Number of protein chains: 2
Amino acid sequence: MDYRETARAIKQDSVKLGALGCEVRNGALYAIKKALIENKEAIFEANREDMEQAKRESLPAPILGRLKFDEHKLDDVTSGIESLISIKDPIKQTVFRRELDEGLVLERVTCPIGVIGVIFESRPDALVQISALCIKSGNCAILKGGSEAARTNRALFDVIRSAGLAAGLPDGFINIIEDREGIDELLKCDDSVDLIIPRGSNAFVKYIMDNSRIPVMGHADGICCIYAHEDADVEKSVRIIMDAKTQYVAACNAAETLLVHRNAANKLLPALAKAAEGKVALRGFSDVKKIIECETAKEEDCKTEYLDYILTVKIVDSIEEAIEHINRYGSHHTDCILTESDEAAEKFMTYVDSAGVYRNCSTRFADGFRYGFGAEVGISTGKLHARGPVGVEGLVTYKYRLTGNGQIVADYAEGISTFKFREL
Amino acid sequence: MDYRETARAIKQDSVKLGALGCEVRNGALYAIKKALIENKEAIFEANREDMEQAKRESLPAPILGRLKFDEHKLDDVTSGIESLISIKDPIKQTVFRRELDEGLVLERVTCPIGVIGVIFESRPDALVQISALCIKSGNCAILKGGSEAARTNRALFDVIRSAGLAAGLPDGFINIIEDREGIDELLKCDDSVDLIIPRGSNAFVKYIMDNSRIPVMGHADGICCIYAHEDADVEKSVRIIMDAKTQYVAACNAAETLLVHRNAANKLLPALAKAAEGKVALRGFSDVKKIIECETAKEEDCKTEYLDYILTVKIVDSIEEAIEHINRYGSHHTDCILTESDEAAEKFMTYVDSAGVYRNCSTRFADGFRYGFGAEVGISTGKLHARGPVGVEGLVTYKYRLTGNGQIVADYAEGISTFKFREL
């Protein structure tokens, strides 16, 4: 199969989708919400089949939890759609208007990116969220979900597609890829696909970067660090560290490394060891092992995203050492300082080169919903375009519109005309 | 030579540069401006040597013109630096502040991208502009200029580096690569270099994309199209077409293709042929050749960036055909409609998927100076991050700062706390 022709047709439709007014896109979102509720039994049935197969194949419990699509998940996605309907149109917004010279007016106007490929994991609710974000922002979506959720994804896709088409969206507004080979076909479509958002393992993201010219937005590792400064409040710190590590270990914003200032170690580490007992395996360097009993850490552990109940623990001599460690070993995702000092917090938040720099709260807050974006298409640790949790705003770009009445550059080059630059 | 260790040191310095206040960065720009003027004789002397060698090697006149760095070019770059000093700090700006819950405050703050590699052509004034843009935006720059300008670039670099260091910028704020092999070394530094901006041929940009994981911002082809609608004013149109084609043929924003509505062809084409005589070779499809005498165009010509006094000419039956042609064969750089109809202009500017969509003016206006940005680091035809001419604003990203007093995610997951989302 050559996907390139299909992708070109989607590209042509993306221009039509981007030209539609907000009322049409919002109307489609409303129709999709309604259709999901009306067709919920068929969707739940498809999900039951996926769940049964997953159980037969003995997939681990956390995956089963993510795979499940029930009344509760349906509520979540429909209220997500509602909140997207209520937000301001992200496209067709004039960012600035500038008169370059009399009768020569430059405008910068937001517009969709075009065609976006999203490869996501086992959660079928992600399919609904991503589709809704793309519709709101006027982008055509090409979706590839986890194979465990194939039946649920197909059921959701069919409902969204029918409702969207009936509401006036162009044919290519949503597309699905259902096999692994399809991903390789997609990667060749650099003349039609504008962006790929891979949500998956580090190795998978690197594979995509190495095998396509299409720009990639997303994150590879999620090595989030917490640094406890010398004045860190012990009780508050232990609570935050335990939440950041254990509230959901498989998440990219879970903490993987704890750095403790030497002056705080004697108080903090025993309290942490107590809280972690039977829950989290602490893996410490030699200085740490002098204070508490724990596993032995190696340098490799500082670069490891465990996604498990394990935490690397290291003692540092200064905030500068902590910052250097984080900028070197962290993944520029989300890092937190525990301190009561404004000065230390300011230093940490300025010098740590990450998408999220936190003070006295759990790294698990790094999420589009928790940031108030309504939904997220993923989290970016890249620095271009969108950084951190990516909502609808990360799916738009802009174009420059210049309107004149015969102006030519030669007149300006030869001094016959001069630019005036007046903001309108 | 392994450049990776050097790049890592630059990366560490980039955090220091980004933390400096605007007054330090502006002070450095002022000192650099002063030093360039004080050391102009040494710079001019280096440039004379480059020019002599270029003449001995019989480089073409346009390259000699770009290579020249004289009193006039010095005036240009120093006034460019002045205008950069006067603009608002692009970093450390709080884009929004939102209270997620009582005492849990999210801020989005602009910050530098980090380390930016720029590979540019023979113009030595580009070295000064790019350095100044990077200093203003708090980014460390790694520069590789054209080999014809090696002596001038080295002289400019030495002056900028000394003045910047004396003004308090960190050691790695500016760096130079002086051989082709250095580029390949640079491409391996994906753990330290955040962005590469290649200004060069299509083949060169593709080479970089294929040989590095570092994100690339720039443009490959510059195939700009002009479409003359059925009601186009003949005199105005011919003037704009001739300017867009001939004012500077080697520029990426020069027009390469003219599309003419069938109903306008009988009037417009003879007038254009007359104006083009002896200046521009028109290359027309068969319909065009029925109206005027000209060379014969093939499909390949629609995809060709001539960078020469040649223009592809094609007759189309509708504005829709023109839009489809441009979205298919153009390079999404800058395209123009010639029309007196607001409706046609709106349609064209909405459906043409390019960084610049123009009405009744020359495509040659697509330039950071002419847009009022003060300077540009390049023009982007990509859709991510920055699009069109890229000024200082295209060199910044942002980070999220979240400040709490012990908040954990478990409390929100379990319904003990709920998000309030209040804009501050």
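This is a predicted model: local features need pLDDT of at least 70, side-chain atom pairs count only at pLDDT 80 or more; totals for chains, interfaces and linings use all residues.

User: In what order do the four strands of the open sheet in chain B come?

Analyst: First the general idea: strands of a sheet pair through backbone hydrogen bonds, either parallel or antiparallel. Here the order is 5-4-3-6, with parallel pairing. Strand 5 (174-176) and strand 6 (195-198) of chain B each have a single partner strand, so one side of each is left without a neighbour in the sheet.

User: How many bridges join strand 3 and strand 6 of chain B?

Analyst: Four bridges, in the parallel sense. For an example to find on screen, B:Ile116 has B:Leu195 in strand 6 of chain B as its bridge partner. Then look for helix 6 (residues 124-136) of chain B, which lies across strand 3, strand 4 (140-144) and strand 5 of chain B.

User: Which strands are at the edges of the eleven-stranded sheet?

Analyst: Strand 10 (295-296) of chain A and strand 17 (422-423) of chain B, each pairing on one side only.

User: What rotation superposes chain B on chain A?

Analyst: A rotation of 180° with 0.0 Å of shift along its axis does so, with an RMSD of 0.0 Å. The two copies are thus related as by a two-fold rotation axis. In chain B, the residue that comes closest to the axis is B:His385, at 1.9 Å (C-alpha).

Notes:
Residues are numbered from 1 along each chain as its sequence is written. Chains are lettered from A and ligands numbered from 1 in the order in which they are written. Two strands pair if DSSP finds at least two bridges between them. Helices (H or I, at least four residues) and strands (E, at least two) are DSSP runs, numbered from the N terminus. Copies are superposed by least squares on the C-alpha atoms of residues with pLDDT of at least 70 in both. Two residues are in contact if their C-beta atoms, placed from the backbone, lie within 7 Å. Axes are lines fitted to C-alpha atoms, for helices over the stretch in contact, and angles run from 0 to 180 degrees between N-to-C directions.
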